[in-house]
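Please walk through this fold with me, one element at a time.

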Amino acid sequence: MTHPAEEPRSTYYQAFVRDGHKCVYCGKDILESFDSFSASHLDHLKPRKENGPCEDVWNRVTACGVCNNLKGSYDPVPGAMVTEDNFAEAVAAAREYIRQKRSGETATSYYRDYEYWLKESGRNAGQA
Ligand SMILES: [Zn+2]
């Protein structure tokens, strides 16, 4: 297996360096621990479902495991491809979508289950 650092022009390498080794959605430092690194993804900003995968570096971003999961198949630029010109706009739209799901502003079964189990266990949000 070739080490990514040996392929400095690979999409993975270019995206990971461009993103400063941080999740583009929440800013989590992917290199803070091996667990963080191993749970990270090279996310498709525009999901793969339409017209096959777009592997261009502008469509690939560094994402932590939680953000990648919360983003799901959300398409930040419906009807368009992600390019250098709309990259920042696409990341910002996905970041806001994820923030709303993470905060519970958008109702999800995950968040309902989370609140249920907090109550069931007698804990408050954020309490270990
Ligand atoms: Zn994240």
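Predicted model: local features only at pLDDT ≥ 70, side-chain atom pairs only at ≥ 80, totals over all residues.

Asp43 stands opposite Val61 in E2. Strand E1 (residues 41-44) and E2 run antiparallel and pair over 4 bridges. In a regular strand, side chains alternate between the two faces of the sheet. Strand E2 (residues 60-63) can be read that way: Arg60 and Thr62 point one way, Val61 and Ala63 the other. Those four residues are all buried.

Now step back to the whole chain. The protein has 5 helices and 2 strands. Along the sequence they follow the pattern α-α-β-β-α-α-α. Of its 128 residues, 23% count as buried. Take the contacts between residues at least 6 apart in sequence: 59% of them join residues at least 24 apart.

Next, the core. The largest nonpolar core has 17 residues. Cys23, Tyr25, Ala63 and Cys67 have the most contacts inside it. The elements that give two or more residues to this core are H1, E2, helix H3 (65-71) and helix H4 (87-103). H4 gives the largest share, 3 residues.

Where does Tyr25 sit? Its place is the loop between helix H1 (11-18) and helix H2 (34-38). Tyr25 counts as buried because it has 25 C-beta neighbours inside 10 Å, and the cut-off is 20 or more. Leave aside its neighbours within four places in sequence, and Tyr25 is in contact with Ala63, Cys67, Ala94, Arg95 and Ile98. The C-alpha atom of Tyr25 is also 9.4 Å from that of Lys71, although 46 residues separate the two along the chain.

Cys23 has its own set of contacts. Beyond four places in sequence, Cys23 touches Lys28, Ile30, Thr62, Ala63, Cys64 and Cys67. Ala63 and Cys67 are also among the contacts of Tyr25.

His21 is in the loop between H1 and H2. Most residues other than glycine have a negative phi. His21 has a positive phi, near 60 degrees, and is not a glycine.

Turn to H4. Its 17 residues should span 24 Å at 1.5 Å a residue, and its end C-alpha atoms are 24 Å apart, so the two values agree. Which residues of H4 are buried? They are Ala90, Ala94, Ile98 and Lys101. These cover an arc of only 60 degrees around the axis, so they lie on the same side of H4. The buried residues of H4 pack against H3. On the other side of H4, Ala88 and Ser103 are exposed. Gly104 follows H4 with a positive phi, near 90 degrees.

Helix H5 (residues 109-121) comes last here. Its 13 residues should span 18 Å at 1.5 Å a residue; the end C-alpha atoms are 18 Å apart, so expectation and model agree. How many of the 13 residues of H5 are buried? The count is 0, and H5 is hardly covered. Just after H5, Gly122 takes a positive phi of about 75 degrees.

Key
Residues numbered from 1 in each chain as written. Buried ≥ 20, exposed ≤ 12 C-beta atoms within 10 Å, placed from the backbone. Contact = placed C-beta atoms within 7 Å. Expected span 1.5 Å × (residues − 1). Pairing = 2+ DSSP bridges. Core = buried A, V, L, I, M, F, W, Y, C linked by C-beta atoms within 7 Å. Arc of directions from axis to C-beta.
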